[in-house]
Each structure stands twice: as structure tokens, then as C-alpha cells.
Amino acid sequence: MVNLIWLALIVLGIITAACNGRIDVVTKAALDGAQTGVETALSLIAIMAFWLGVMKIAEQAGLVNMLAKLVRPLIRLLYPSVPHNHPAVGAMVMNLSANVLGLGNAATPMGLIAMKELQKLNPRPDTASEAMCTFLAMNTACITIIPSTMIGIRAIYGSTEPTSIVGTTLFATALGMTAAVLADIVLRHLSYRRGGR
Amino acid sequence: MLEIINQLSKWAIPAFLLVVLLTAAVRRIPVFESFVEGAEQGFEVTVKIIPYLVAMIVAISIFRASGAMDVLVNLMAPIFNFFGAPPEILPHAIMRPLSGGAALGVATELIKEHGPDSLIGFLVSTMQGSTDTTFYVLTLYFGSVGIKKYRYSVISGLIADCTTLIASVFVVQSVFPG
């Protein structure tokens with residue numbers, strides 16, 4: 001799937017550029033893209049180091065485990081393949097909580113810890129496990145109570161009520177998250193039928 | 001309302017830090033050593049995701065710069081009209097799952113042009129605030145553990161994005177005054 005999308009983006013891009021007589025933009029766009037990729041990754045080092053450090057303390061203090069216990073019934077329902085006392089659970093809950101509060105910076109490192117823990121349960125290390133697919137579906141379409149970036153931008157451009165989008169965002173994200181979880185369940189069962197992968 | 005949310009955003013992280021550190025101290029955890037032990041992994045994880053991010057951003061960058069994105073926007077226009085969404089938001093809707101920075105740029109432009117409290121401003125704010133950059137998240141998260149086969153997660157991500165988009169258009173049009 002991702003191979004096809006990747007191929008299509010580049011091949012269609014090159015063909016369109018050729019038709020538009022702008023073939024020279026392709027090379028520049030490719031190199032600029034590579035630069036952006038490296039810069040994006042490197043700019044993550046600081047927040048990653050900070051949050052992974054904090055999370056290590058939280059983990060050793062037993063806080064991550066405590067949080068995992070609180071949401072055990074929900075986890076059992078959504079992640080049948082993850083043992084309920086596994087460290088992945090705590091990290092996943094932390095990540096989703098940070099997303100709900102619009103704390104994107106904190107959410108990413110916690111999500112990556114969760115992926116690392118889920119990978120330990122994964123029998124095929126190069127292929128996404130079911131739990132990972134469910135986690136990412138919930139992560140990309142997470143319920144948001146505080147869309148902090150957009151509230152900020154609205155305030156900058158003189159909105160009389162910057163927070164008026166809180167209600168609409170909550171509604172849209174609640175439906176989106178429901179769709180994500182349902183789509184995940186349906187697609188998982190379809191993949192069973194096609195031979196379990 | 002703005003005041004409460006501002007305060008909540010300001011306090012969330014310091015309060016979390018305080019709870020973590022105090023709990024750790026009570027339980028006699030060597031906090032400094034634990035922190036360093038965790039932080040050490042930050043570099044390793046980050047370096048690991050570089051090739052994945054480069055691959056994905058290069059493809060998206062070529063797609064945008066070549067004008068193929070504009071072609072896609074034109075092709076999708078009829079579907080948008082069907083849902084009664086203003087055509088101005090179409091570039092944002094298509095950009096959103098692919099490139100977070102570009103989508104934020106488009107959203108900011110639209111808000112600047114139409115005003116944050118116009119229908120378009122309100123709608124694009126909701127759209128930007130309610131979905132994540134699906135392809136970036138998938139690339140980053142799967143890349144960090146070396147997963148190359150994403151299985152059905154791209155499809156479920158896009159289904160969620162479409163649902164959120166339709167829900168945003170619907171809710172904004174129903175609550176927007178006038």
C-alpha cells in the first residue's frame with residue numbers, strides 16, 4: 001500500500017511537471033524535501049530526549065503502570081493482543097491523553113515509546129501488528145479538547161472568540177475517532193479472511 | 001473560556017512534571033540517573049526515523065511542486081460541491097493528511113484573507129485542529145521501530161480523515177450564525 005502511494009506521488013509528480021513544462025522543479029523539490037526530512041527529524045532530538053527522560057522516571061516510579069491499570073477494561077476491548085500489564089499500555093494511554101489536550105510535543109515521544117513496546121510483542125518485525133494499526137488509527141484521529149495551535153492563530157488574526165472552535169473540533173474529532181476505531185476493526189477482520197496478514 | 005483553556009495549557013506540563021518527580025522522590029528513585037538513562041534513547045530513535053521521513057517528504061514535495069497537487073484538487077472539486085463545502089477549503093483538505101506544515105500555511109492564509117470568524121475561517125480552523133498529518137504520523141511511528149509494511153493502517157487513517165472532514169463541514173455549517 002505505502003509502496004504504491006509513494007510510487008504514485010513521485011511518478012505522477014514527474015509526469016505532471018513534464019506536461020507543465022516545469023521539469024526543472026522536480027530535482028529541486030526532491031532535494032528540498034530530503035532537507036526538510038532531515039531537519040524535521042533532527043529538530044525532534046531535543047523534545048525526544050527530554051520526554052524520554054521524564055517518561056523513564058514516570059515508569060520507574062510506577063506511574064505509567066498505575067495509569068495503565070485505570071484503563072484496563074478499555075484496553076482489553078481495543079487491544080486484545082496486548083497483555084493488560086504490558087508497559088506498552090501505559091505509554092499508549094499517555095500518548096492519547098497528550099493528544100486529547102493538544103500537547104503535540106509531548107505526545108510524539110510517548111507514542112514512540114508505545115511503538116517500541118508494541119514492537120516487542122510483534123512476531124513479524126518488519127510488518128505492522130494489529131495492536132500497532134489500532135494504536136495509529138486512534139492516534140491520527142484522536143479526540144481533541146484543546147486545539148491549541150489553531151486557537152493561537154485565530155487570536156493572532158483578531159478573532160472575537162478564538163475558542164469557539166473547541167465545540168466543533170470536539171464533535172468532528174469524536175466522529176473521526178469512532179470511524180477510525182470501526183474502520184480498524186472491520187479491516188482487521190477482512191485481513192483475517194485473506195489469510196491472516 | 002479562553003482564559004480557562006490558556007491556564008490549562010500552561011499548567012498541564014509543569015503539573016505533570018511535578019507529580020512525576022515527587023512520586024519518584026517518595027519512592028526513592030534516583031531521578032537524575034533515570035532521566036539520563038531515558039534521554040539517551042532520544043538520539044537513537046531520532047536518527048532511525050531519518051530515512052523514512054526523507055523518503056516520504058521527498059515524494060510529497062515532488063507531488064506538490066510539480067502541480068500534480070493542483071490537478072488532484074481540481075479532480076476532487078465535484079465531490080466537495082456535493083457536500084456543500086466552500087471550494088476555498090479544498091486545497092487544505094487534500095494537503096492536511098500529507099503535510100502538516102503546508103496545511104497550516106494554507107489555513108493561516110485563508111484565515112488572514114477571510115477573517116477568523118467568517119464561515120471559511122471557522123471551518124478551516126476546525127479542520128486544521130481536528131485531524132493529524134496521517135502520513136507523517138504513520139511514517140514517523142512505523143519508522144521508529146523499522147516497520148516497512150503498513151498493512152491496512154493507511155486506509156483506516158484516510159477513512160478517519162474523510163469522516164472528520166465531513167463532520168467538520170456539517171457541524172460548522174449547522175452552528176455558524178447566519
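Arg28(B) is exposed, with a relative accessible area of 74%, where exposed denotes over 50% relative accessible area, buried under 20% and partly exposed the range in between (1.4 Å probe, protein chains only). This residue is found in the loop between α1 (2-26) and α2 (31-65) of chain B; helices here are DSSP runs of H or I of at least four residues, strands are runs of E of at least two, and both are numbered from the N terminus. Although Arg28(B) is not a glycine, its phi is positive, at about 60°. The model is predicted, so that local features require pLDDT of at least 70 and side-chain atom pairs count only at pLDDT 80 or more, while totals for chains, interfaces and linings use all residues; side-chain values use heavy atoms, with hydrogens and water left out. Residues are numbered from 1 along each chain as its sequence is written, and chains are lettered from A and ligands numbered from 1 in the order in which they are written.

A positive phi is also found at Arg151(B), a residue other than glycine, with a value near 50°. Arg151(B) lies in the loop between α7 (134-144) and α8 (153-175) of chain B. Arg151(B) is buried, its relative accessible area being 15%, whereas Arg28(B) is exposed.

Chain B contains eight helices and zero strands, and its order along the sequence is α-α-α-α-α-α-α-α. The radius of gyration of chain B is 21 Å, well over the 16 Å given by the globule rule for 178 residues, so the chain is more spread out than a compact globule. This radius is taken over C-alpha atoms, and the globule rule is 2.2 Å times the number of residues to the power 0.38. Along the principal axes, the C-alpha atoms of chain B fill a box of roughly 60 × 45 × 30 Å. Of the 178 residues in chain B, 52% are buried. Contacts (heavy atoms within 4.5 Å) between residues at least 6 apart in the sequence of chain B join residues at least 24 apart in 67% of cases. Chain B carries 10 positive and 12 negative charges, whose mean positions are 10 Å apart. Lys and Arg count as positive and Asp and Glu as negative, with His and the chain ends not counted, and each charge is placed at NZ of Lys, CZ of Arg, CG of Asp or CD of Glu.

Chain A comprises nine helices and zero strands, arranged along the sequence as α-α-α-α-α-α-α-α-α. The C-alpha atoms of chain A occupy a box of roughly 60 × 55 × 35 Å along the principal axes. Buried residues account for 52% of the 197 residues in chain A. Among chain A contacts between residues at least 6 apart in sequence, 59% connect residues at least 24 apart. Chain A exposes about 9000 Å², with 67% supplied by carbon and sulfur atoms. The 14 positive and 9 negative side chains of chain A form two sets whose centres lie 10 Å apart.

Asn99(A) is placed in helix α5 (residues 87-100) and counts as buried at 13% relative accessibility. Beyond its neighbours within four places in sequence, Asn99(A) is in contact with Ala107(A), Asn139(A), Cys142(A), Ile143(A) and Thr144(A). Glu161(A), by contrast, is situated in the loop between α8 (148-156) and α9 (165-193) of chain A and is partly exposed, with a relative accessible area of 47%. Not counting residues up to four places away in sequence, Glu161(A) touches Arg154(A) and Asp117(B). Glu161(A) and Lys56(A) are separated by 105 residues in sequence and by 40 Å in space, C-alpha to C-alpha.

Seven aromatic pairs are present over all chains. Rings of Phe, Tyr and Trp (its six-membered ring) pair if their centres lie within 6.5 Å, and planes under 30 degrees apart count as stacked, over 60 as edge-to-face and the rest as tilted. Phe50(A) and Trp51(A) form an edge-to-face pair, 5.1 Å centre to centre with 75° between the planes. Phe50(A) is partly exposed, at 33% relative accessible area, while Trp51(A) is buried at 4% relative accessibility.

Definitions and conventions:
Accessible areas come from the Shrake-Rupley method with a 1.4 Å probe; for residues, only the protein chains shown count as cover.
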